[in-house]
Amino acid sequence: MFNKILVANRGEIALRVIRACRESGIKCVAVYSEADEASLHLKLADEQICIGPAISSKSYLNIESIINAAGQTGAEAIHPGYGYLAEKEEFAQACADNNIVFIGPTPENLKLAGDKITAKKIMEEAGVPVIPSSPGGVISLDEAVGLCAEVGYPVMVKASGGGGGRGIRICKDENVLREDFPIAKAEAAAAFGNDELYIEKFVQEPRHIEFQILADRFGNVAHLGERECTIQRRYQKLIEESPSPRLTPELRTAMGDAAIRAGNAVNYFNAGTVEFLLDKNDNFYFMEVNARIQVEHPITELTTGVDLVKEQIRLAADGKLDFSFEDLPKRGWAIECRINAEDPDRNFLPSPGVVEKYQPPGGYGVRLDTHLYQGYELPIFYDSLIAKLVSFDLTRDGAISIMRRALDEFIISPLKTTIPLYRKIMDDSSFQKGDFHTGYINKFVPDEDEDED
Amino acid sequence: MANGKKVEVRAPMSGVFYRRPAPDQPPYVEVGDTVNKKQVLALLETMKVFQKVKCPVNGKILEIVPQSETPLKDDDLMFIIEVG
């Protein structure tokens, strides 16, 4: 086991890793930027080292500076948290080159996770379902009609050269495809200078279900059940829960097996998440592998009894994975609300400033992962995630009641936060019934386009 | 239409001021440029969210106050524009 670990992150995840180290008797080094001198993670670590100016590119993303900090403090391993350098192949490689253990996947895993087209191909070969699509660009309408008959309607037609959701058309049948294909082609040519189109099966009102996996250096891969992450805004997750109210035991087994196959197919190492889209007819499709510990990991910890961060450390120190999902003492239901310093009434505009009043919730069934304290000034330079509030009970209804009560107790002022939005969602009957899809949040907040002034 | 009236553009909230859309691209505007109402003058990044700083009037850039990539406080002066 390691004697000293450097935590290459800030905020709540730095605290999470530092706490795991302290519980394990491992010394830990906190790194910080000049804007983070008053951050809580510095107070809980054994050593603190400044790695650069406020702007992340010069501090938390500065590979050389972090590697030097590990060298100076004699840290044997680096935990990258999530975000920042967590999925940078170059950073994992730099650790290896300097004889520092990177607590995370291998550089090869990170490279593949970032290459979605190759990853999809490997998954398909390994028998993991992927979204049916055209093998490459589609030029002619006849070709498109033939392909769509195979893939099945509705289909999504998009510009091969496009991005950011532009130039996408949904065609519900062949008639619409015949009408829209030439228009999409013209639009693609005008917008991207390339009229090649790409066709993919359109998954209607999908749910976003992901599976936690762990893998050791000896080829053992286990999954730790699913997380329901359907409630999102602009691809940012807001509320997660485990288990998913949507999965039957059979579907859980099928998706869990697919997640393990996915891990095996890429020789995955350490903690990771396999993301799937699930349609109304129980078809699920591989989306991507998130090669890191995830923000929403606590809900898996509460329902499986596995401390994922300690597992990451143990596996990085050549520990062996000696359990499967069936062996875990699974119980209860956990829900996480990501509390952001954003104003849900003003298009989620960020809300930095000083936390003048801070009153955290507590009591039975409440876990709070946060770096806030009264008097803390939220820097403008970093993410708006300020707290992860997690409730746990034996039933989903129980977990909702605890979350509702905890949100009522939680005071963070004068900053604007997403607490009032979550409070409304907890009272919503669709949420309570577990009946939602990825467009659910539009029921509460308009999906405004910032460009429409 | 030039009447010499000056308009100040101030930061709507604290954030990091960027004059370019990306490090390898030219600045949105330079001093002396003629600008139109709603034209993007700069970006302001607050907690990883980028807001477009838009020009409130038709006119000409007289002054660009902050250096690019510097943090601004709420209401700091960013641009002075001559209305015209």
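Predicted model: local features only at pLDDT ≥ 70, side-chain atom pairs only at ≥ 80, totals over all residues.
Residues are numbered from 1 along each chain as its sequence is written, chains are lettered from A and ligands numbered from 1 in the order in which they are written, and side-chain values use heavy atoms, with hydrogens and water left out.

Me: Why is Asp322(A) called exposed?
Reply: Exposed means over 50% relative accessible area, buried means under 20%, and partly exposed is in between (1.4 Å probe, protein chains only). Asp322(A) comes in at 64%, so exposed it is. You'll find Asp322(A) in the loop between helix 11 (308–316) and strand 14 (333–340) of chain A. Helices (H or I, at least four residues) and strands (E, at least two) are DSSP runs, numbered from the N terminus.

Me: What makes Leu247(A) count as buried?
Reply: Its relative accessible area is 9%, and the label needs a value under 20%. Leu247(A) also sits in a loop, the one between strand 11 (236–242) and helix 9 (249–265) of chain A.

Me: Which residues make up the patch of negative charge on the surface?
Reply: Asp257(A), Asp322(A), Glu326(A) and Asp327(A). Like charges are joined within 9 Å, with the place of a charge taken as CG of Asp or CD of Glu.

Me: How do you know that strand 1 and strand 8 of chain B pair?
Reply: Pairing takes at least two DSSP bridges. Strand 1 (residues 6–10) and strand 8 are joined by five, and they run antiparallel. Val9(B), for one, stands opposite Phe79(B). Strand 6 (residues 59–64) also pairs with strand 8 over five bridges, in the antiparallel sense, and there Phe79(B) is the bridge partner of Ile64(B).

Me: What makes strand 1 and strand 3 of chain B edge strands?
Reply: Four strands form an open antiparallel sheet in the order 1-8-6-3. Strand 1 and strand 3 (34–35) each have a single partner strand, so one side of each is left without a neighbour in the sheet.

Me: Why is strand 8 of chain B described as largely enclosed?
Reply: Because five of the seven residues of strand 8 (residues 77–83) are buried.

Definitions and conventions: Patch = residues over 30% accessible without salt bridge, like charges linked within 9 Å, V, L, I, M, F, W, Y side chains within 5 Å. Areas by Shrake-Rupley, 256 points an atom, 1.4 Å probe, with all protein chains shown as cover. Salt bridge = Lys/Arg side-chain N within 4 Å of Asp/Glu carboxyl O. Lys, Arg positive; Asp, Glu negative; His and termini not counted.
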